[in-house]
Amino acid sequence: MGAKPSAGLLRGRGQSYGGCRVRFRWPGGGGEGQPGGGVSPRRCPSGGQPSKVTPAVPALRCTGLRHTFGEYVAVDGVDLEVRRGEVFGLLGPNGAGKTTTIRLVTTLLPIRAGSVEVFGLSARRRPLGVRRLIGYVPQQLSADAALTGRENVALFARLFDVPRAERADRVAEALASVGLSEAADRLAATYSGGMVRRLELAQALVSAPRLLILDEPTIGLDPVARAGVWDRINQVRAGGGMSVLVTTHYLDEADQYCDRIALMHRGRVRAVGTPAQLRAEQGPGRTLDDVFRAHTGDTLADSSERLRNVRATRRTARRLG
Ligand SMILES: Nc1ncnc2c1ncn2[C@@H]1O[C@H](COP(=O)(O)OP(=O)(O)OP(=O)(O)O)[C@@H](O)[C@H]1O
Ligand SMILES: [Mg+2]
């Protein structure tokens, strides 16, 4: 089903759809054929072609994916495959190109070079169909603090055309699946950081996505809250057979929870494998930290870049705190 909007409902501009006042915007254009961004939520799930899901194809396949911002090459020929039912971790230092890759996959950025297929559906040719298949928790927070947990999830149920008759039940199920039933009618402003991230997970899950995409779902959380988020991810995956693409800077999480990982650096994938395979390649007793260092040894090119990324991370962490 549909992907959720990126980058902050709190910062979004008001739009009205059929009497439903929402703050929603697809930044950076809605994929090809959607120049300028704003996509009607009604069209998002139902406006695309019916999604054909062929059994043999992977959940996600990126081939030769490339993206530039002006002269700067952020994603430089990425080949990536997420198999059905697996949790796939995309790791790499700040500025490696992880979020840009995800924004291409979620059709939030137009695909100009290379290809993205979600369950065999081309993100370039069928962006609306692809959105129907994915749920997305962006790196920056997207829950609306002025709404209750239930209202936040109900908004997404409506945005992604969950049938009216099923909406209340599906919203309640999504909230229950992330352990927020009791807090459902409290304002999101009163939630802890871990609860906000779980709420965002519920928002992404309410449309029953086949591919769940999580961009740093545990950033800024304490270890207990991080484990809580991962428990929920694992439960919903086990229950629904979903495939998951996740980025994280926490290598221990990747080691523990990801079936396979890719290490990305300077826009390219440097290594792919199971955590155990990648560790073994570095020698006996090696950790994922060693793997990370081996493939991304040199760090970011310039300090202004590093500063920009640190500021963005701190902003998200502060809002979670
Ligand atoms: N809208 C933009 N305009 C210009 N440059 C951008 C834009 N978005 C990202 N970049 C640049 O593209 C590169 C990759 O950024 P991206 O956000 O994909 O990295 P990332 O791997 O997600 O990093 P982090 O771990 O900090 O989230 C960085 O150098 C970044 O500065
Ligand atoms: Mg990122």
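Around ligand 1 stand 15 residues, of which the closest are F69, A74, N94, T99 and T100, where a residue counts as near a molecule if its C-beta atom, placed from the backbone, lies within 6 Å of it. The model is predicted, so that local features need pLDDT of at least 70 and side-chain atom pairs count only at pLDDT 80 or more, while totals for chains, interfaces and linings use all residues. Residues are numbered from 1 along each chain as its sequence is written, and chains are lettered from A and ligands numbered from 1 in the order in which they are written.

**The shell around ligand 1**
- Two or more residues each come from β4 (72–82), α2 (98–105) and α11 (303–320); helices (H or I, at least four residues) and strands (E, at least two) are DSSP runs, numbered from the N terminus.

**The residue G95**
- G95 lies in the loop between β5 (87–91) and α2.
- G95 counts as buried because it has 21 C-beta neighbours inside 10 Å, the cut-off for buried being 20 or more other C-beta atoms within 10 Å of its own, placed from the backbone.
- Although G95 and M264 are 169 residues apart along the chain, their C-alpha atoms are separated by 9.6 Å.

**The sheet**
- Four strands form an open sheet in the order β4-β3-β6-β7 with antiparallel pairing, and two strands pair if DSSP finds at least two bridges between them.
- β4 and β7 (121–122) stand at the edges with a single partner strand each, so one side of each has no neighbour in the sheet.
- Strand β3 (residues 60–69) is joined to strand β6 (residues 113–118) by five bridges, and C62 has V116 as its bridge partner in β6.

Notes
Buried ≥ 20, exposed ≤ 12 C-beta atoms within 10 Å, placed from the backbone.
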